[in-house]
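Please have the two chains open side by side while you read my comments.

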Amino acid sequence: MSFQNIIPINAVAVDAGATNDPVSVKMDASLNEIIIYIKNLGASTNLTVLVESSPDGTIKAPLQTVTLGTTTTTVSIPVSVVPAFLIFTATNGDSSNATTYSVIISKRA
Amino acid sequence: MKLKQPAAPFERLEFHGDSVSLDTEGKVLVLPTGNPHLLPVFNEYTLSRSGEVLEIGTYTLTDAELQYMIKPWIALYDPAKTVLNFFLFTHKPKKLQYVVSDIVSHVNFQTADGEIFTTSDGNDFLVMGLDAYITSLILYPGNGLIYHGQITYNDLTLDSNSDLIPDCINNFSYNFVTHDGNAFTTSDGAYFDFQTLVNGSITTFLQSYGMVI
């Protein structure tokens, strides 16, 4: 067995003061436990990413909310029961600095 | 019980007996009351009490204080860090205790004019300091359950609307405003408010669980 990473969101831009459209990621049915890593790659001092779970990509329930900056740039979120879909919505609360962010899903394969 | 990072969104605290004692390292305990005058030492207006110093001791809150909680959760965090722990109750707690004690930390030896002492070989000259923290939280669930969750928030002291409630536990609501700056109002003159989930606030995040918890 080994660890594998899925990178569903790779350096996606979030304009200053903007909220991106939600990004829906379909999860592999064989997954059980994962760790989601979210990284703020740019200069935003206030990047909020809402992670939601969904059974069908439409119905949503909040799973976790994280707010990153330039000192706290990376967060890990353990998820013990993997949903059918994960939905990521990024909001850049910094009205001066655009940024990019990535999401890495680490799983044991 | 040592706190570990729980799985999202939160995990049930499993324990035996009528209470659970949690090892913590926090500075600010929040019991949301919705009113700056109710439980001023514990309410969400934490920035109005930022100058207060924790005193060593064991403190007990009973129904006399806890009755003013308007939300079924409490939060504990260190403003200097970036992690906020929250605890959800299925039944409003009637008792809660916390212990404040000193934690040893190492700090640089610094003169009054800000110069940091170093040794002759260039290493930092560290001294042991004591800092008071909430080191233990004893929760009594009563007839209900307790869940533990944790969020990361980059700046736990940020207060973008200057209402003395830090953004991480604020309950933002926005007026619906047209392009020319006029606010929508209803037929009886009230503002048409909406809230957004994507602001990182633990209050907004947990509101969606209000029907479940």
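The numbered points below go from overall confidence to the interface and then to one residue in it.

1. A word on confidence to begin with. This is a predicted model, and it scores ipTM 0.89 and pTM 0.85. Chain B has a mean pLDDT of 85, with 87% of its residues at 70 or more.

2. Next, the fold of chain B. Its secondary structure consists of eleven strands and two helices, and from the N terminus the order is β-β-β-β-α-β-β-β-β-β-β-β-α. Of the 213 residues in chain B, 39% count as buried. Among contacts in chain B with a separation of 6 or more, 68% are between residues 24 or more positions apart.

3. Now to the interface. Chain A and chain B bury about 1,700 Å² between them, and 57% of that is on carbon and sulfur atoms. On the chain A side, the residues that lose the most area to chain B are A:Pro62, A:Thr65 and A:Thr67, which together make up 31% of what that side buries. The contact draws on 24 residues of chain A and 20 residues of chain B.

4. What kinds of polar interaction cross the interface? The rule finds zero salt bridges between chain A and chain B, but it does find nine residue pairs in polar contact, both partners being at pLDDT 80 or more. Strands S4 (47–54), S5 (61–68), S6 (74–79) and S7 (85–92) of chain A each give two or more residues to the side that touches chain B. The largest share, seven residues, comes from S5(A). By residue type, that side of chain A divides into 14 polar, nine nonpolar and one charged.

5. I would draw your attention to B:Asn154, in the loop between strand S9 (146–152) and strand S10 (174–175) of chain B. Is B:Asn154 buried or exposed? At 14% relative accessibility, B:Asn154 falls under the 20% cut-off and therefore counts as buried.

6. The partners of B:Asn154 are worth a look on screen. A polar atom of its side chain lies 3.4 Å from the backbone nitrogen of A:Thr72, and the backbone nitrogen of A:Gly69 lies 3.5 Å from a polar atom of the B:Asn154 side chain. Leaving aside neighbours within four places in sequence, the residues in contact with B:Asn154 include A:Thr45, A:Thr67, A:Leu68, A:Thr70 and A:Thr71 from chain A, and B:Thr82 from chain B.

Technical notes:
Residues are numbered from 1 along each chain as its sequence is written. Chains are lettered from A and ligands numbered from 1 in the order in which they are written. Side-chain values use heavy atoms; hydrogens and water are left out. Contact means heavy atoms within 4.5 Å. Buried area is the accessible area (1.4 Å probe) that two parts lose on being put together, summed over both. A salt bridge is a side-chain nitrogen of Lys or Arg within 4 Å of a carboxyl oxygen of Asp or Glu. A polar contact is a pair of N or O atoms within 3.5 Å; within protein, one must be able to donate a hydrogen and the other to accept it, and residues adjacent in sequence count only if both atoms are side-chain atoms. Helices (H or I, at least four residues) and strands (E, at least two) are DSSP runs, numbered from the N terminus. Ala, Val, Leu, Ile, Met, Phe, Trp, Tyr, Cys and Pro count as nonpolar, Asp, Glu, Lys and Arg as charged, and the others, Gly among them, as polar. pLDDT is the predictor's confidence in each residue, from 0 to 100. Buried means under 20% relative accessible area, exposed over 50%, partly exposed in between (1.4 Å probe, protein chains only).
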